[in-house]
Amino acid sequence: MAEPILEVLDLKVYFSVKKGIFSSTKSLVRAVDGVTFSMKEGDILTIVGESGCGKTTLGKAVAGLVKPSSGKILFYGKDIYSMDKKEYMNYRRNVQMIHQDPYASLNPVKTVYKILSTPLLRWGIVSGEEEARRRALDLLEIVGLTPPDYFINKYPHQLSGGQRQRLIVARAISVEPKIIVADEPITMIDVSLRLGILDLLLDLRKKMGLTVIFITHDFGAARYFSAKGGGDIAVMYLGKIVEKGPAESVIQEPLHPYTKTLIAAVPEPDPKYSRTKERIRLRSLDIPSPINPPPGCRFHTRCPLYMEVCSEREPPLVQLTNDREVSCFLYTEFSEKKA
Ligand code: SF4
């Protein structure tokens, strides 16, 4: 069996924040609260959940941009925080993040050539400016910014949102990474251009053998990405994974009430289908704060299938079948007690 390229073990990322502008007391935000998963080379993992569930912090921690409070991140079996400087820099090169905002992620005073040539020269992938220019033109071609000569001397403000996001993808792949963490890569671009970016990521994953972590709040995008690329979906709620499994299986047969809620919220273009779709009425529309998450199951304040035990104990993430995991008492001994 192939060795995992990435293992995330009981990862926790807590931030301390001031309770108010004039307050000196601090509160602890449990952004990521005990997340475990592993990926093999070429795998896709789509992490889906509402804003504030911790998915971006999890992505940043994997990319080495945020230091975890506890837990481990292993790259080919080696803990990234026990690596020496050279190994850690190699890890950082191998895990590239595509950020949500294509407008804030590019230096406005650098040309496309400068943006692409800087990492190429820094990591010694090319030996000089001439080779950097040739490689930059190749990268533009690969991400569909053609003809590349037309784009190479432009500044970011001369590009559309979709073109900027393609440029960011080109910069990410320029250093020949093994893992891409794409954090809401289509949220800030026009709807008409979104599928193009998702298809580009899938195409690059196939051609370059990339391992991709795709982070989104949009189950529709998760469904499109997973349906075309396969892989797993992990559903996050208030810092925890509540359900995980092969994308098709999670979409066709969601287990956790929260996953069912997310799927029910995806708009259906066909009114015939939307009329027959299961409607889910939440107990509350308010999302609890990660500073003070509800005791027991974190979803219990909103869950339509709430039982007494749900507010008393925390449901563990259990392996239900070979490839499905869920954290809900409906699938454990407590459900029988209720029945
Ligand atoms: Fe709902 Fe209880 Fe399951 Fe939580 S454990 S999702 S509250 S049924």
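Predicted model: local features only at pLDDT ≥ 70, side-chain atom pairs only at ≥ 80, totals over all residues.
**The largest pocket**

- Four elements, namely helix H2 (85-94), strand S6 (95-98), helix H3 (112-122) and helix H6 (161-174), each supply at least two residues of the lining of the largest pocket.
- When the lining of the largest pocket is sorted by class, ten residues are nonpolar, three are polar and four are charged.

**The cavity and the ligand**

- Rolling a probe the size of a water molecule over the atoms shows where empty space is left.
- A search of the whole structure finds one cavity of 30 Å³ or more, and the volume of the largest cavity is about 100 Å³.
- Of the 15 residues that line the largest cavity, the closest to its centre are Cys297, Cys303, Cys310, Cys328 and Phe329.
- The lining of the largest cavity is made up of twelve nonpolar and three polar residues, with no charged residues.
- Around the ligand stand His256, Pro257, Cys297, His300, Cys303, Leu305, Cys310, Pro315, Cys328, Phe329 and Leu330.
- Sorted by class, this shell around the ligand has nine nonpolar residues and two polar ones, while charged residues are absent from the shell.

**The loop between S7 and H7**

- Glu184 is found in the loop that runs between strand S7 (179-183) and helix H7 (191-208).
- Glu184 counts as buried because its relative accessibility is 6%, and buried means under 20%.
- The side chain of Glu184 makes a polar contact with the side chain of His217, at 3.0 Å.
- Thr187 also has its place in the loop between S7 and H7, and with a relative accessibility of 28%, Thr187 counts as partly exposed.
- Although Thr187 and Gln100 are 87 residues apart in sequence, they are 6.7 Å apart in space, taken from C-alpha to C-alpha.

**Backbone features in other loops**

- Most residues other than glycine have a negative phi, and most peptide bonds are trans.
- The peptide bond from Thr146 to Pro147 is cis, with omega near -5°, and Pro147 lies in the loop between helix H4 (129-142) and helix H5 (148-151).
- Tyr76, a residue other than glycine, has a positive phi, near 50°, and Tyr76 lies in the loop between strand S4 (70-75) and strand S5 (78-79).
- Tyr76 counts as partly exposed because its relative accessibility is 27%, and partly exposed covers values between the buried limit of 20% and the exposed limit of 50%.
- Leu238 is not a glycine either, and its phi is positive at about 45°; the place of Leu238 is in the loop between strand S9 (232-237) and strand S10 (240-246).
- Leu238 is buried, because its relative accessible area is 4%, which is under the 20% that sets the limit for buried residues.

Notes
Residues numbered from 1 in each chain as written. Heavy atoms only, no water. Near = heavy atom within 4 Å. Nonpolar A, V, L, I, M, F, W, Y, C, P; charged D, E, K, R; others polar. Buried < 20%, exposed > 50% of the residue type's maximum accessible area, 1.4 Å probe, protein only. Polar contact = N/O pair within 3.5 Å; in protein donor to acceptor, adjacent residues only side chain to side chain. 1 Å grid on protein atoms, 1.4 Å probe; cavity = no way out; pocket = protein on both sides within 12 Å on 5 of 7 lines; lining within 4 Å. Points joined across faces, edges and corners; volume = space filled by probe spheres on them.
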